[in-house]
Amino acid sequence: FNYRSTHHLASHGFYEFLNWFDERAWYPLGRIVGGTVYPGLMVTAGLIHWILNMLNVTVHIRDVCVFLAPVFSGLTAISTFLLTRELWNQGAGLLAACFIAIVPGYISRSVAGSFDNEGIAIFALQFTYYLWVKSVKTGSVFWTICCCLSYFYMVSAWGGYVFIINLIPLHVFVLLLMQRYSRRVYIAYSTFYIVGLILSMQIPFVGFQPIRTSEHMAAAGVFALLQAYAFLQYLRDRLTKQEFQTLFFLGVSLAAGIVFLSVIYLTYTGYIAPWSGRFYSLWDTGYAKIHIPIIASVSEHQPTTWVSFFFDLHILVCTFPAGLWFCIKNINDERVFVALYAISAVYFAGVMVRLMLTLTPVVCMLSAIAFSNVFERYLGDDMKRENPPIEDSKEGLGPNIKNIVTMLMLMLLMMFAVHCTWVTSNAYSSPSVVLASYNHDGTRNILDDFREAYYWLRQNTDEHARVMSWWDYGIDLQICQAGSSGDIEGIFAVIQVGKAMSSNESAAYEIMRSLDVDYVLIIFGGVIGYSGDDINKFLWMVRIAEGEHPKDIRESDYFTPQGEFRVDKAGSPTLLNCLMYKMSYYRFGEMQLDFRTPPGFDRTRNAEIGNKDIKFKHLEEAFTSEHWLVRIYKVKQLDNR
């Protein structure tokens, strides 16, 4: 979708892009693209394409999109160097740039071909933070305006800008609590809040959210608090102690009353909704599963495991607390900021796998500070230092401590580099549309079922055919039919698809007829043991459908009386007769995969299926890929009366 939007922007211009109504997205409603996307990614790629063509460097917009993320990862390394240099020193900055250049937690979003918002947003995030630290250190309006412009770019690129507009006010608030108020902080934050607020509201998709939604209220509250604090500092120099205390008590009481009554009034009138922000589910970790199951169903939105931390950060997980300790030990205004950044990012990364992306930069910076301190202590010239390492010749290790520590640090860095290379090669260098498996002898098998099925769709269906599938595959379906397939997407359609998949064939047929569906596509991994198939995602379809249709769909109906989700004979009758089950296991009961297993043995669920006599009334099998990974069914038309 990002590529299609960028291609439209490059072909028709910016204003046509803002007013573009894409009837192929969010079927059957269509999508007003200009008002429902963060346009920063498309505008950046389009601008680079325009500049290159102005310079007579002929390049296709696709090539710009493919290489945009790697180019911006280089800019991210530079901005990380600048930020770490401001926080500590130049040596730590160089190490931080090296770390973020190869760390898997960021490479996952910056490989060539990864054309997504995060590819440019992490650069904007780091650069905004660098300019903010620069603003606080200098108190310069120039640096603050630059920070506002960088923040504006971040708002245009990614919804994660909310992290910035909450972290910076938190930094100012903590500085006030620590009695570190200064005119530099006042100038920096007052300018940032006013100019940044106005600039952020220029993005059509954001609009008036900065003054209406709960995730922006902290910034407004800190701005008001900062003005009050500055005013009190002004009065303190001009009033007696008794007069100041009386005025302070009255002022605080009046302000608290006004804020309390205002929040009650605005909430009652519906102008603001304190608990309806997009990021409320980050605080109440059970909120999304109950109230927004379509968000909770995404694998990137699941809680992060310890394995994921080590996989994406490796040794940096162990070293970054040491860097945080160094910053707290030698605290100043900007190190308060990085400490708050680290603590909040660790929490959010633990709640949601996707937010590992916001933790990665600060882990790289603090680990660089830790390594830099060790190298300065043990690799520096002892004669030039006031406090060289203590050497104990009696133990025999004294003269060799420097060499031992240096070798240990270099070994850790070498292990980190090897791990990053391995993860990048195995996890992030393969297209998601082509799967690979490995034999016992190390040889690789390529499973090309997705492209096989999409090629069949392109060659054998009308270009305006409507294909119903779970929403994970909608992006691929938009492309596979000459770029004009009608994929069933959008929240309304996702609910309807979930209900159809969860219902019996007759009820599902009515839904498919209402959506004018021509084909149904499912992913089935029972033959090859692929765990990411639709049966394993099925309960999320049930939950999403149940949220809108609780009388028709109930999650408990798909479990056994013992509360188990089973596909064998002990499975729930509702499950064994629903459309998803029948489409997945049609003709599968006749297949014997191995002489050691009975016919109809599902390798993914390790069970023999319970319903082998599956027949269709309203559907017919149209295509099944080589390894049965992709199955396509054609929806029959009504009988001719």
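Predicted model: local features only at pLDDT ≥ 70, side-chain atom pairs only at ≥ 80, totals over all residues.
## The nonpolar cores

The largest nonpolar core holds 111 residues, and the members that touch the most other members are Trp132, Tyr189 and Phe192. Helix H18 (residues 356-379) gives the largest share of this core, namely 13 residues.

The surroundings of Trp132 can be listed in some detail. When residues up to four places away in sequence are not counted, Trp132 touches Cys147, Ile168, His171, Val172, Ala188, Tyr189, Phe192 and Phe337.

## Enclosed cavities

Rolling a probe the size of a water molecule over the atoms shows where empty space is left. In this model there are 2 cavities of 30 Å³ or more, and the largest cavity has a volume of about 60 Å³. The lining of the largest cavity is formed by Tyr151, Ile165, Tyr193, Gly196, Leu197, Ser200, Pro210, His216 and Ala219.

Helix H10, which spans residues 183-200, supplies 4 residues to this lining, the largest share. By residue class, the lining of the largest cavity divides into 6 nonpolar and 3 polar residues, with no charged ones.

## The second largest pocket

The second largest pocket contains about 1000 Å³ of space. Its lining is made up of 30 residues, and those that lie nearest its centre are Gly221, Ala224, Leu225, Ala228 and Ala255.

Helix H11 (217-236), helix H12 (241-269) and H9 each contribute at least two residues to the lining of the second largest pocket. In this lining 25 residues are nonpolar, 4 are polar and 1 is charged.

Gly159 is found in the loop that lies between helix H8 (141-157) and helix H9 (161-177). Is Gly159 buried or exposed? Gly159 counts as buried because its relative accessible area is 8%, which is under the 20% cut-off. Although Gly159 and Asn117 are 42 residues apart in sequence, their C-alpha atoms are 8.9 Å apart in space.

Ala218, by contrast, belongs to helix H11 and counts as partly exposed, because its relative accessibility is 36% and that class lies between 20% and 50%. The C-alpha atom of Ala218 is separated by 8.3 Å from that of Ile165, a residue 53 places away along the chain, and Ile165 is also one of the residues that line the largest cavity. Leaving aside residues up to four places away in sequence, Ala218 touches Asn166 and Pro169.

Conventions: Residues numbered from 1 in each chain as written. Heavy atoms only, no water. 1 Å grid on protein atoms, 1.4 Å probe; cavity = no way out; pocket = protein on both sides within 12 Å on 5 of 7 lines; lining within 4 Å. Points joined across faces, edges and corners; volume = space filled by probe spheres on them. Nonpolar A, V, L, I, M, F, W, Y, C, P; charged D, E, K, R; others polar. Buried < 20%, exposed > 50% of the residue type's maximum accessible area, 1.4 Å probe, protein only. Core = buried A, V, L, I, M, F, W, Y, C linked by side-chain atoms within 4.5 Å. Contact = heavy atoms within 4.5 Å.
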